[in-house]
Structures are given as structure tokens and as C-alpha cells.
Amino acid sequence: ELIYDLLVETSESIKMQAKFLAPFLAAVVGSLALIIVKALFEMSIKLTAVMKAFQMDVGADDFFSTLFNFAQITPPTVFQLLVGFYMVETVVLLSILDSGVENGFDNVSRDYSIAKNLLFAIIVYIVVTVIGTYALGNLVTKGAGI
């Protein structure tokens with residue numbers, strides 16, 4: 001009973017990390033990567049237009065295509081996929097750890113803990129990604145004057 005009382009705080013911290021913190025941080029990272037690529041793209045378009053407006057279009061397209069080579073950047077969708085895999089892996093490992101602390105070597109409770117935490121984490125990840133991408137995307141489009 002004493003050992004259980006000592007580990008309750010640790011177990012609750014692990015649950016909170018698995019259900020909320022890991023998917024929240026992964027979603028924020030994925031959203032920021034998407035917004036950074038979008039901002040760089042908008043910036044290259046605007047700078048090309050400025051250079052053409054001042055009759056400095058000699059090599060303007062070459063300059064910005066080499067400065068921001070979007071053909072060699074990892075697409076944001078692939079980055080979201082990689083961050084999503086990382087989030088799933090983190091949640092599974094934290095769920096296994098939490099189940100081991102609470103229940104020992106019980107495979108059924110381990111699988112139940114993984115399923116419950118993963119479902120909640122995926123929902124949090126999707127919601128935060130959609131809200132973050134929409135909110136930050138509006139900032140980029142308003143900042144670019146589109």
C-alpha cells in the first residue's frame with residue numbers, strides 16, 4: 001500500500017503525458033512546420049513581385065528558387081505523418097509504463113491502457129492540429145496581405 005501511494009503521483013503524471021501533453025506538443029510542432037513552409041512560400045512570391053516591380057527581374061526567379069527550393073523541402077503532409085508516428089510511439093510507450101506501474105505484467109490491462117490512451121491522444125492531436133493550422137494559417141494570410 002505504501003509503494004502504491006508513492007507511485008500514484010508518478011502514474012497520474014504519466015497518464016497526463018500520454019493523453020494530453022504528447023499529442024498536444026506533436027500537433028503544435030506539425031502545425032508550426034506547415035505554417036513555416038507556407039510563410040516561406042508566400043514570402044518568396046512577394047519578394048519576386050517586388051523585384052519585378054523595380055525592374056530587377058534579371059535572375060529574380062533564379063535567386064528565389066535557389067534560396068527557397070520548395071522541390072527539396074519535405075512536404076508538410078509527410079512531416080505530419082512522421083510527427084504522428086512519433087506521437088503514437090510515445091503514447092504506446094507511456095501507456096505500457098503506466099500499466100506496468102499500476103498492474104504489473106497484465107497483458108489485458110496493458111492493451112486496454114494503450115487503446116484508451118491512444119484513442120484520446122489521436123482525438124487531441126487532430127483537434128489541436130486543425131485549430132492550430134487554421135489559426136496560424138490566418139495569421140500568415142493576413143500578414144502576407146492575401
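Is Glu 12 buried, partly exposed or exposed? Glu 12 counts as partly exposed, because its relative accessibility is 45%; the class lies between buried (under 20% relative accessible area) and exposed (over 50%), using a 1.4 Å probe and protein chains only. This is a predicted model, in which local features need pLDDT of at least 70 and side-chain atom pairs count only at pLDDT 80 or more, while totals for chains, interfaces and linings use all residues. Residues are numbered from 1 along each chain as its sequence is written, and side-chain values use heavy atoms, without hydrogens and water.

**Salt bridges**

- The model has 3 salt bridges, each a side-chain nitrogen of Lys or Arg within 4 Å of a carboxyl oxygen of Asp or Glu.
- Side chains of opposite charge can pair when their charged atoms come close.
- Glu 12 pairs with Lys 15, at 3.8 Å from N to O.
- Glu 12 and Lys 15 are about one helical turn apart, because they sit 3 residues apart in helix α1.
- Lys 15 also bridges to Glu 102, with the closest N and O atoms 2.7 Å apart.
- That pair links distant parts of the chain: Lys 15 is in helix α1, Glu 102 is in helix α3, and 87 residues separate them.
- Lys 15 is partly exposed at 23%, and Glu 102 is partly exposed at 32%.
- Asp 111 and Arg 110 form another salt bridge, at 3.1 Å from N to O.
- Asp 111 is partly exposed at 42%, and Arg 110 is partly exposed at 29%.

**Helix packing**

- Helices are DSSP runs (H or I, at least four residues), numbered from the N terminus.
- Helix α1 covers residues 2–53.
- Helix α3 covers residues 76–103, and its axis comes within 9 Å of the α1 axis, crossing at roughly 180°.
- The two helices are therefore roughly antiparallel, a label for angles over 145 degrees.
- Their contact has 18 nonpolar, 7 polar and 3 charged residues.
- Pro 23 lies in α1 and is buried, with a relative accessible area of 0%.
- Pro 23 and Val 88 are 65 residues apart in sequence, yet 8.3 Å apart in space, C-alpha to C-alpha.

**Surface patch**

- A nonpolar surface patch includes Met 16, Phe 20, Leu 21 and Phe 24, and its residues together have about 660 Å² of accessible area.
- Patch residues have over 30% relative accessible area and no salt bridge, and nonpolar side chains are joined within 5 Å.
- Leu 21 is partly exposed at 34%.

How values were computed:
Patches are made of residues with over 30% relative accessible area and no salt bridge: like charges are joined within 9 Å, nonpolar side chains (Val, Leu, Ile, Met, Phe, Trp, Tyr) within 5 Å. Accessible areas come from the Shrake-Rupley method with a 1.4 Å probe; for residues, only the protein chains shown count as cover. Axes are lines fitted to C-alpha atoms, for helices over the stretch in contact, and angles run from 0 to 180 degrees between N-to-C directions. Angles under 35 degrees count as roughly parallel, over 145 as roughly antiparallel, 65 to 115 as roughly perpendicular and the rest as oblique. Ala, Val, Leu, Ile, Met, Phe, Trp, Tyr, Cys and Pro count as nonpolar, Asp, Glu, Lys and Arg as charged, and the others, Gly among them, as polar.
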